[in-house]
Amino acid sequence: MSEKIIHNADLRNIEYNLSNLSNNVSNLYNSVNIANNNIAQIANEINQTNNNFLVVFSKVEEVDTKLEKFYQEFQTFVAKDIMSKELQLAETRLVKVRQELENKFGHYEKVRKHTIGILQAVDMGLIRKETITTSTEELLLSTPGYWLAPCLVTLSAWICDDQNLANKALNEAIRRNDEKTSLFFALINRRVSRYEACEAWLKRYFAMQDPKKLEREMIIVVDAYANGMFGSDSSGECSKKMKEWMSELSEKNEFIQEQRENWKKSLRLREGKFNCNEYTYLSQYSRDWNAIEKALNSTTLHDNLLNFLKGVFEGEINISPNLKVALDDMLTNLVTNFDKEELPLRKQENYIQAIIDCDGDKDLAKKKSELSERIYDEYISFTQLLTNASMFGSEVHSSRAAQRLSIALSKSWIVEAYDDIIAENRLNVPANIQIDIDEWNGTTADGSNEQELIKDFDNHCDKKMKEEIAKIKLNTASFIKVIIGIGLGALLISNIPYAFIAWVVSIGIFAFDYWKVIKKKKAVPGIYADYKEKNVMGIKALIAEIVDFRRQYEKEDKKCEATRDYIDRIVPSHYVYNNFNKNRNIII
Amino acid sequence: MILNNKETTNSSKLTTSNMNTTRNEITKIDSDKLLRNKRSKKYIDALSKLDSGDVCIDKSLKEELLSIIREEFEQIEMTLWPIGIISKCYLGDNYEVHTLNISLQIIEHFKTNEKLPYGMDVARNIASNKNYAFVEVYNNYLRVVSNEGIVSEIKI
């Protein structure tokens, strides 16, 4: 029998290699675990960074809001500082302008004072004729070119009964300024009750006038006429002339349109600021807020205008009951306030004074002085003269009686301008008001669609909520973790416990991430419910303010009826006074 | 509802050839002055009939209305007439305003938020204002007319 030699297989290598493999797999498993942990740590750190970012973002928003607030406050401070400097500068400049007026034209003051002085001294019989003659001749020498000086020489020659000198001086006065000289002697003759002479001088004065291009002292005639200072014939002459001019100018539509526009600008100056403090929601949540505020401000015109008119028509007329005193005031006015050489400086003075009145606000001063600048125009139309006297009585040196008559004569233009302004203001009231809350906006005319707006807002919030929930999902890292875990388990399949652990851990991590996602999604409806509740209350508050606005506007707008009615009742003939004549005046 | 009468009968079509050749042409400036005058009661009453009865306005009423309008603007050159007239609509059923386009002789009723033709949208807001009977729309102006016929102008 042959021997079978069976050798035992040498498995030590295989065992050694398997052991190595097992060690390597364990190492790999550990490495994967470490990697897993690192990934989880990175995910946490990303989350942490996310949270930190949100915190930083919120801080940045806070800083931004504070910066914006600081910027606004700084702008306000700068504006106030500029205004304060402008005010100081204006006060200095006003002194300079007045000094310049005094230097250039101060010597006229002596002549002006002498005019009334001579008249009053002659009335009292307290002065020698030689004194009058000497003083007037000295004034003539010291004020070359000034129209009033030869007038005083004429007056003095008249008092001294020197007809030859009177004629010479009168010719010179007429040569220097025919219009002022004629008006001057009309008033002088009225003062001494020479009615025919007064009427003749007045006719001469009127003959030189072009109603489209009057000099400013025409207001003296309107003033004297309104106060009943002229005799009945002269009053009749004034009445006839004014009626003629009104008729002539009314035929020219461009004049009427210009008058209407001037009146609109003048009336708009009477608009003030309405107290809009109660509209806290509308001012924040409506893009139409500016139009709403403007509409309410425009309604302040009605009461302001009515009060202005009442002030003019129901206040006292401060005129002396003594005719001579009243005429002396008129003469003083004529000789003091209407010399055209002074006009440029007077205009400057007016503007600088407006800056002071507006506390240094140059833009506001410019607007205010733009209209009143017309009173310093060298030549104006009769209609413009009436507007100036109506709106700027004290600036044009007209009395209250003249102001009343001017408004009464301008009544039809005032009514048209006022009606136009009312219509413009009503056109600009927003018919529909838009509400803006974050990304949502809705429109309402009068709040009657409140329920529809709330429903629309609800739908908008629901849509946003669904979009936000849809955005919350598992991120890529979670899936990577699961894939690595499953892969690792597959590699360790020969070692079931290790594989099982790998799978359980990866599934656990995945489940945790999934749980976080579910938690976030569940929180969203709660957040939106609070958001809805808060903003629905806001919408209701806005609707309430819109309803209030409509009611308030209607109430304030209706006040125009009282003002319109007051203007309608003004009749020109009621405002020509008969203070000094026993006879009835012929009136317009 | 739109009524669009495009019949070209000589008596109804508003062309310059039909104008009275003996009528003096008034300048634009004078026209502005005339257009500022108070409107007649007849004219105001006629325009208030746009709401009578139904959305469809009958032909004879339309002819009468256009005749009254021609009479009201008789002294004025036709190119300076209003493009159209717009006023508040009281027909109900969400109708807000109605318009009359003079050259095309069309009367239309419009609901809230429906856009108005011929550039008349600018007048919509004030046409609904209860203080005014209607608004005449011109190229550069709106002339709003009160129930008493008083005219106010708004430059556009």
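Okay, a definition to start: angles under 35 degrees count as roughly parallel, over 145 as roughly antiparallel, 65 to 115 as roughly perpendicular, and the rest as oblique. Quick housekeeping: this is a predicted model, where local features need pLDDT of at least 70, side-chain atom pairs count only at pLDDT 80 or more, and totals for chains, interfaces and linings use all residues. Residues are numbered from 1 along each chain as its sequence is written, chains are lettered from A and ligands numbered from 1 in the order written, and side-chain values use heavy atoms, leaving out hydrogens and water.

So, the helix pair. In chain A, H19 (residues 476-491) and H20 (residues 496-558) pack at about 170°, with axes 7 Å apart. That makes H19(A) and H20(A) roughly antiparallel. Helices here are DSSP runs of H or I, at least four residues, and strands are E runs of at least two. Axes are lines fitted to C-alpha atoms, for helices over the stretch in contact, and angles run from 0 to 180 degrees between N-to-C directions.

Next, two loop residues. Most residues other than glycine have a negative phi. Yet His397(A) has a positive phi, near 60°, and sits in the loop between H15 (382-391) and H16 (400-409) of chain A. His397(A) is partly exposed, at 31% relative accessible area. Asp438(A) also isn't a glycine, with a positive phi of about 50°; look for Asp438(A) between strands S3 (433-437) and S4 (440-444) of chain A. Asp438(A) counts as exposed, at 63%. The cut-offs: buried is under 20% relative accessible area, exposed over 50%, partly exposed in between, with a 1.4 Å probe and protein chains only.
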